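Me: Could you walk me through reading side-chain contacts in a model like this one? I'd like the general idea each time, then the case at hand.

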Amino acid sequence: GINAEYMGGFTALQSFDGRVKQGSRVLVIGASGGCGTVAVRMLKAMGAYVAAVASSKNEGLVRGLGADEFYAYDTQGGWQNTYKDKFDFIYDTVTSHSDPDQEPVHRRLLRKGGHYIAINGSPLDWARAIVTNLTGVAMEREGFSITIVSPPTGEQLSIVQRLLQDGALKGVPVDSTHKLTGEGVSKGVSRQRSRRAKGKVMFEVS
């Protein structure tokens, strides 16, 4: 639905912050999840070359969103060790604390001067990101940033609206919808953390 496309669109847009250009090479980790699916769509609309990492069972979904390359973490372990090309950006959408840290495995795939963008991180990385966000003083590690989503600007609203009108974000899947109650939020968060969600987990405001 349009809500999933809007919400995911703003998250992805603020993550990339105007840095991705036509022809940029981007690796999306967790490409079948809520943030990952929208990111693949939006990056392709920006003209980027997108490689995606997800479970093998989600290859069809991710390729259908436009990914140029696909790597299955569950059946192609170690592909990073033999990969020859480098990426301008890595977008790490893995949020579960039960998952291993993806940065040590994938950061080697960044070109010199490349940027690793995550939506989760260590407590220290979060502290640095919050200070940077509040003060405007760069405190984060070089070549690394955590996305802190803020209210969209008028320009960002216009960009996402244009992408929606052009159909560039069409087809972003909604995994499930839950009521905005204690029980509903609990179920939604559990679904999101289960690593079985395909697309956005949504909450319904009645």
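Me: Is Arg141 buried, partly exposed or exposed, and which number tells me so?

Reply: Happy to start there, and do keep in mind that this is a predicted model. The general idea is to read relative accessible area against two cut-offs: under 20% is buried, over 50% is exposed, and what lies in between is partly exposed. Arg141 has 29% relative accessibility, so Arg141 counts as partly exposed.

Me: Which residue forms a salt bridge with Arg141, and how far apart are the closest N and O atoms?

Reply: For a salt bridge, you look for a side-chain nitrogen of Lys or Arg within 4 Å of a carboxyl oxygen of Asp or Glu. Here Asp125 is the partner of Arg141, with 3.0 Å between the closest N and O atoms. The two ends sit in distant parts of the chain, 16 residues apart: Asp125 belongs to helix H5 (123-135), while Arg141 lies in the loop between H5 and strand S6 (144-146). Asp125 is buried, because its relative accessible area is 7%.

Me: Which residues are linked with Arg141 in a network of salt bridges?

Reply: The network takes in Glu103, Arg107, Asp125, Arg128 and Arg141. One of its contacts joins Arg107 to Glu103, at 2.8 Å from N to O. Arg107 counts as partly exposed because its relative accessibility is 26%, and Glu103 counts as buried because its value is 11%.

Me: How many salt bridges does the count come to?

Reply: The count comes to eight. Another of them pairs Asp85 with Arg25, where the closest N and O atoms are 3.9 Å apart. That pair also links distant parts of the chain, 60 residues apart: Arg25 is in strand S1 (residues 25-29), and Asp85 is in the loop between strand S3 (69-72) and strand S4 (87-92). Asp85 is partly exposed because its relative accessibility is 42%, whereas Arg25 is buried because its relative accessible area is 18%.

Me: Over the face of which ring does Arg141 lie?

Reply: This time you follow the charged group to a ring centre. Arg141 lies over the face of Phe144, 4.0 Å from the centre of the ring.

Me: How many aromatic pairs does a search of the whole structure find?

Reply: Six aromatic pairs turn up. To read one, take the centre-to-centre distance together with the angle between the planes. Tyr71 and Trp79 are stacked, with 4.1 Å between centres and 10 degrees between planes. Both Tyr71 and Trp79 are buried. Tyr71 also pairs edge-to-face with Tyr83, at 5.8 Å centre to centre and 90 degrees between the planes. Tyr71 is in strand S3 and Tyr83 in the loop between S3 and S4, so this pair, twelve residues apart, links distant parts of the chain by the element assignment. Tyr83 is buried, as is Tyr71.

Definitions and conventions: Residues are numbered from 1 along each chain as its sequence is written. This is a predicted model: local features need pLDDT of at least 70, side-chain atom pairs count only at pLDDT 80 or more; totals for chains, interfaces and linings use all residues. Side-chain values use heavy atoms; hydrogens and water are left out. Helices (H or I, at least four residues) and strands (E, at least two) are DSSP runs, numbered from the N terminus. Buried means under 20% relative accessible area, exposed over 50%, partly exposed in between (1.4 Å probe, protein chains only). Rings of Phe, Tyr and Trp (its six-membered ring) pair if their centres lie within 6.5 Å; planes under 30 degrees apart count as stacked, over 60 as edge-to-face and the rest as tilted. A charge sits over a ring if NZ of Lys or CZ of Arg is within 6 Å of the ring centre and within 35 degrees of the ring normal.
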